[in-house]
There are 2 protein chains.
Amino acid sequence: MMDPLASPLLTDLYQLTMLQAYYERGMTQEAVFEFFVRELPRERGFLVAAGLGPVVDFLESLRFGEEELEWVRSSGRFSRDFADRLAGLRFRGSVDAPPEGTVLFASEPLLRVTASLPEAQLVETRLINLLHYATLVASKAARCVLAAKGRHLVDFGLRRAHGAEAGMLAARSAYLAGFAGTSNVLASARYGMPVSGTMAHSFIQAHDDETGAFEDFALSCPSEVTLLIDTYDTEAGAAKVVAVAPRLRERGIAIGAVRLDSGDLCEHARRVRAILDAGGLREVRIFSSGSLDEHRIGGLVGCGAPIDGFGVGTLLATSGDAPFLECAYKLQEYAGRPRRKRSEGKATLPGRKQVLRRHTPDGTMAGDLITLEGETGAGSPLIVPVMRGGRRVAPPEDLGMIRRRVAAGLLSLPAHLRALGGDPPYLVEIAPKLYELAARTDLEAAAGSR
Amino acid sequence: MMDPLASPLLTDLYQLTMLQAYYERGMTQEAVFEFFVRELPRERGFLVAAGLGPVVDFLESLRFGEEELEWVRSSGRFSRDFADRLAGLRFRGSVDAPPEGTVLFASEPLLRVTASLPEAQLVETRLINLLHYATLVASKAARCVLAAKGRHLVDFGLRRAHGAEAGMLAARSAYLAGFAGTSNVLASARYGMPVSGTMAHSFIQAHDDETGAFEDFALSCPSEVTLLIDTYDTEAGAAKVVAVAPRLRERGIAIGAVRLDSGDLCEHARRVRAILDAGGLREVRIFSSGSLDEHRIGGLVGCGAPIDGFGVGTLLATSGDAPFLECAYKLQEYAGRPRRKRSEGKATLPGRKQVLRRHTPDGTMAGDLITLEGETGAGSPLIVPVMRGGRRVAPPEDLGMIRRRVAAGLLSLPAHLRALGGDPPYLVEIAPKLYELAARTDLEAAAGSR
């Protein structure tokens, strides 16, 4: 069975059709593609670039296995020669990109691929598939982190994420953006991030009485236990927690937290806090969940709700208010000549780009300039070498390092963007050289098509 | 490496924590869980149930491998006994559900699991993960099919789908809903559905001239070719197609279609149709793509645009206007007693349910009654046996059969829902017996917690 997570057939048919034509016409010179977001959704003031690690893994391991080649041969769409070419195809090109976790904006390349045209073309679909979603969730997660102002966040998104890989990538992106961990066991096992969890309503319901359910659950928990108290009546649930705590303490079990999952979370949290405090459980934390996103988290933090942590699920893993980014992987140069598309509303600027970022003396981001690679000017270049000759130029980055990069990036955002305001947009300028190159490219194209 | 698509660790940590408690307390009696959508998004008047096939595959193959058991043993969270229990755990329960492809509404079970409590609990996360997304996309795709009024639809969603599995499931759900096929090669290879594709802008751009690109592409295409004509100027592109057609015809190559991907598609389609017709290419079809969904397709069909087919990508695979469903997998019965949750705004009705659907004499759906399993009354029962003792009761359904079921279901929708109107909502009644059972359950629970 071909593995969707690794198979080169997880692609659009036209990539293969074009590859056959490229090979037959000998169009195998160097191509440069860039991946970028055309414009930010109204609901986003910045992006957090993510997915580079998984993309490099994909490129390093790209190959057609026997099953895939058999499909190509038997499809009736391709020549035998073509299947033979695919058998030997590896990604031997270069990748340049901002390091994973960099804060970015529209039009700024998240990735540049420089490779033989067939190699650079073939990888388009999966590369977009990975980068788009990982960046989408990291960007959403960063907003939750900013709204939570230091409170504990946990990814609860797996069940409503769009399939298995989305659940994995969402956990990874959320962690990079500053979440404390995930409820997703496999993501924890694979990526080495903290895993945590509470209990479900079904556990309570399966018991004839709620107090008994709390005790049963606590007795089976090796570490600190979190009890879900809203199955029937939240405040009554809190009172039962107070009642059961001494019995558990006698057996050496500490209640770490209670979870609220429904109703007016701000009001319930206050009442529950008062009940717990009056019952001598000042150290028991309050954790909440249920349709949370940066807006609701911000509201709860703003109203002074005594909530210590948030589980964020559906609206994180689906990026519910902006479930996709207008992004593209576009040919910018082929065979040494800049290229561009001029389709209405979707025109691109040609050439290999660099982004120079300026900061104010206190370290706040002050504006970006998108210019041609190799140009210097005010600001630090964001785009750095990632792969050469089909191999990483450095070992994969540790997730902790990427996490620290995101944290530093969020700290350096202008204050209104850090407060999740969108206006004014961050200043991104396009160097005049890029427009000049575009005009020259158009002139050459006009000459070419005469 | 543990496979996210198959590993039982693709779950929330609390499932494992609860399982350990269930085993330790001997809570392994029969549990009944139902999966349903609480309410439809404003943008949806009906659902098309999908994902049952993949869910049954998952349940039949559920087992902990050595790597997974090693994680459980070494996590420090679980007892050795528990890991041993997991080693022997299989899904041996029953599943009842409406057949895949059934048109459904809020509150109606998409699936019922009847199994030993640990088995029924453990599968929750992945079961929701599969059913939610497959149903989300099938429901969106069905709207596109209705809007297209018989025109050809192709899934282009892979690149912006949320990860690899989303791309696979989206292709499958779209096909079930009536799409003609997908651009996703692996989905075609795995599910046996038609695959199709055109060409990308990069192919045109990599050539110094557009006409040369058309010729090069056509010469490498074994079957009918579709040419993308909007890279620089759509109408000029159409004129080049007319110019190149005779040369291709001499070499035995027919141009099947042209693709438009930008600008005012209605206006461009009219002009391109006129250019093609005047050039003797009446048989060349016009295919369009670019941010399409049921609304834009409906608009293009309504304005009389001479468009023969549509590629639908991002807004299909992300269900862009409604990227998630408010759904839940809830315990309805345990150890022979009905169970319910009463959390604010999230209360459930207990018991094993059946849905009876009535039709008018002409076959139009006239209303559903959600009642208890085994109750009879006016209407045909939608929920049927799917698994018994952990095995399918019948071989997996062929996708063609599910496709025909969806087509019949869409035909039988009330006219205003078929026209994508939402008001009035379809009539779904709850049998009084269910409310009586809920009241009785609450009384028993109150007695139990005294």
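Predicted model: local features only at pLDDT ≥ 70, side-chain atom pairs only at ≥ 80, totals over all residues.
Q: Is Thr234(B) buried or exposed?
A: We count C-beta atoms, placed from the backbone: a residue with 20 or more others within 10 Å of its own is buried, one with 12 or fewer is exposed, and one in between is partly exposed. Thr234(B) has 25 C-beta neighbours inside 10 Å, so Thr234(B) counts as buried.

Q: Which residues is Thr234(B) in contact with, leaving aside its neighbours within four places in sequence?
A: Two residues are in contact if their C-beta atoms, placed from the backbone, lie within 7 Å. With those sequence neighbours left aside, Thr234(B) touches Ile229(B), Leu260(B), Gly263(B), His268(B) and Val272(B).

Q: Which residues of helix 12 of chain B are buried?
A: They are Leu265(B), His268(B), Ala269(B), Val272(B), Arg273(B), Ile275(B) and Leu276(B). To see how they are arranged, look down the helix and take the directions from its axis to the C-beta atoms. Here the buried residues of helix 12 of chain B fall within an arc of 165°, so they line one face of the helix. On the other side of this helix, Glu267(B) and Ala278(B) are exposed.

Q: What do the buried residues of helix 12 of chain B pack against?
A: Their partners are helix 11 (234-250), strand 9 (255-260), strand 10 (285-288) and helix 13 (294-302) of chain B.

Q: How do I read the span of helix 12 of chain B?
A: The expected span of a helix is 1.5 Å times one less than its number of residues. Helix 12 (residues 265-278) of chain B has 14 residues, and from its first C-alpha to its last it reaches 19 Å, close to the expected 20 Å. After helix 12 of chain B comes Gly280(B), with a positive phi near 80°.

Q: How are chain A and chain B related?
A: Two copies of a chain are related by a rotation about an axis and a shift along it. The copies are superposed by least squares on the C-alpha atoms of residues with pLDDT of at least 70 in both. Chain A can be laid on chain B by a turn of 180° and a shift of 0.0 Å along the axis, with an RMSD of 0.0 Å. The two copies are thus related as by a two-fold rotation axis.

Q: How many residues does the contact take from each chain?
A: Chain A gives 89 residues and chain B gives 88 residues. Helix 1 of chain A supplies the largest share of the side of chain A that touches chain B, eight residues. That side divides into 38 nonpolar, 32 polar and 19 charged residues. In this sorting, Ala, Val, Leu, Ile, Met, Phe, Trp, Tyr, Cys and Pro count as nonpolar, Asp, Glu, Lys and Arg as charged, and the others, Gly among them, as polar.

Definitions and conventions: Residues numbered from 1 in each chain as written. Chains lettered and ligands numbered in written order. Helix = DSSP H or I, 4+ residues; strand = E, 2+ residues; numbered from the N terminus.
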